[in-house]
Amino acid sequence: MTTHRSFLQSNLVTHYATIYASIDTIKRIAALAAAGSLLTACAGMEAAGPKASATLEPRSGSSVSGTVDFHAVGQKLRVEARVAGLTPGQHGFHVHEAGDCSAPDASSAKGHFNPAGRPHGHHGGNDRHAGDMPNLVADASGKATLSAEVDMLSLTQGPGGILQRSVVVHADPDDYRSQPAGNSGKRVACGVIRPLAADSGGSTGSGRSGY
Ligand SMILES: [Cu+2]
């Protein structure tokens, strides 16, 4: 009986030791996981928030191509466009409602992204489509770059969210007045706006001095 009891006790001690070791392991794993997600969060902030990109493909018989990148800067969205194959001068440039560039004239992208149901207008005002952006300006060689911060748009799932919508370049300047699209003519390029993985997008090596 004594032997049996002592066996039981020692067995219990071993059992508790195992439980405590498990709890300790769980705590360590939890701590490591927390540290890991903290690092991930920091890395995301260093990269200036979520990113998305659209690859422009030619439409309406044009040879226009390019890339449009987006990333969040506070409550605004920074737009960086590099476009080639344009006629020299200004070209209407908008976020359109549908992420579908399949039609030869890009009509499948539908109208300007306009979640608030407002008239078309100047990108600097408030009474306008959320998708209204500044005209691209092409040089004599047909190349245009644009770097601008716009509001009313975001990379979230909220009402201003532009993921899986499209960006469209037009043949003519947007006059920022005419309805419904600024009289900017044919759609010469179109690209669907897709989210990028958090660690891609080319900002590697910058802004990491905080580590
Ligand atoms: Cu447009």
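**Note on a predicted model with one helix and nine strands**

1. Pro159 counts as exposed because 10 other C-beta atoms lie within 10 Å. The cut-offs are these: 20 or more other C-beta atoms within 10 Å of a residue's own make that residue buried, 12 or fewer make it exposed, and anything in between is partly exposed, with C-beta atoms placed from the backbone. Pro159 sits in the loop between strand E7 (144–150) and strand E8 (166–170). Ala130 is 29 residues from Pro159 in sequence, and their C-alpha atoms are 10.0 Å apart in space.

2. On the basis of the model: this is a predicted structure, in which local features need pLDDT of at least 70 and side-chain atom pairs count only at pLDDT 80 or more, while totals for chains, interfaces and linings use all residues. Residue numbers start from 1 along each chain as its sequence is written.

3. The protein has 1 helix and 9 strands, and along the sequence these follow the pattern α-β-β-β-β-β-β-β-β-β. Helices (H or I, at least four residues) and strands (E, at least two) are DSSP runs, numbered from the N terminus. Of the 211 residues, 30% count as buried. Among contacts with a separation of 6 or more, 61% join residues 24 or more positions apart. Two residues are in contact if their C-beta atoms, placed from the backbone, lie within 7 Å.

4. An open sheet holds 7 strands in the order E5-E8-E9-E1-E2-E3-E7, with antiparallel pairing. Strands pair if DSSP finds at least two bridges between them. E5 and E7 are at the edges with a single partner strand each, so one side of each has no neighbour in the sheet. On average, neighbouring strands of this sheet are turned by 20° against each other, direction ignored. For such angles, axes are lines fitted to C-alpha atoms, for helices over the stretch in contact, and angles run from 0 to 180 degrees between N-to-C directions.

5. Some pairings can be followed residue by residue. E1 and E2 run antiparallel and are joined by 6 bridges; Ala52 has Phe70 in E2 as its bridge partner. The hairpin of E1 and E2 has 6 residues between the strands, and Ser60 there takes a positive phi near 55°. E1 is also antiparallel to E9, through 5 bridges, and Pro58 is partnered by Ala189 in E9. E8 and E9, again antiparallel, are joined by 5 bridges, with Val192 in E9 as the partner of Ser166.

6. Which residues touch the most other members of the largest nonpolar core? They are Leu56, Val83 and Val169, in a core of 34 residues. E1 (51–58), E2 (65–73), E3 (76–84), E5 (93–96), E6 (136–138), E8 and E9 (187–195) each supply at least two residues of this core. E9 gives the most, with 5 residues. A nonpolar core is a set of buried Ala, Val, Leu, Ile, Met, Phe, Trp, Tyr and Cys residues joined through C-beta atoms within 7 Å.

7. Leu56 belongs to strand E1. Leu56 counts as buried because 25 C-beta neighbours lie inside 10 Å. Leaving out residues up to four places away in sequence, Leu56 touches residues including Val64, Val83, Val169 and Ala189. With the same exclusion of residues up to four places away, the residues that Val169 touches include Leu56, His91, Phe93 and Leu136. Leu56 and Val168 are 112 residues apart in sequence, yet 7.9 Å apart in space, C-alpha to C-alpha.
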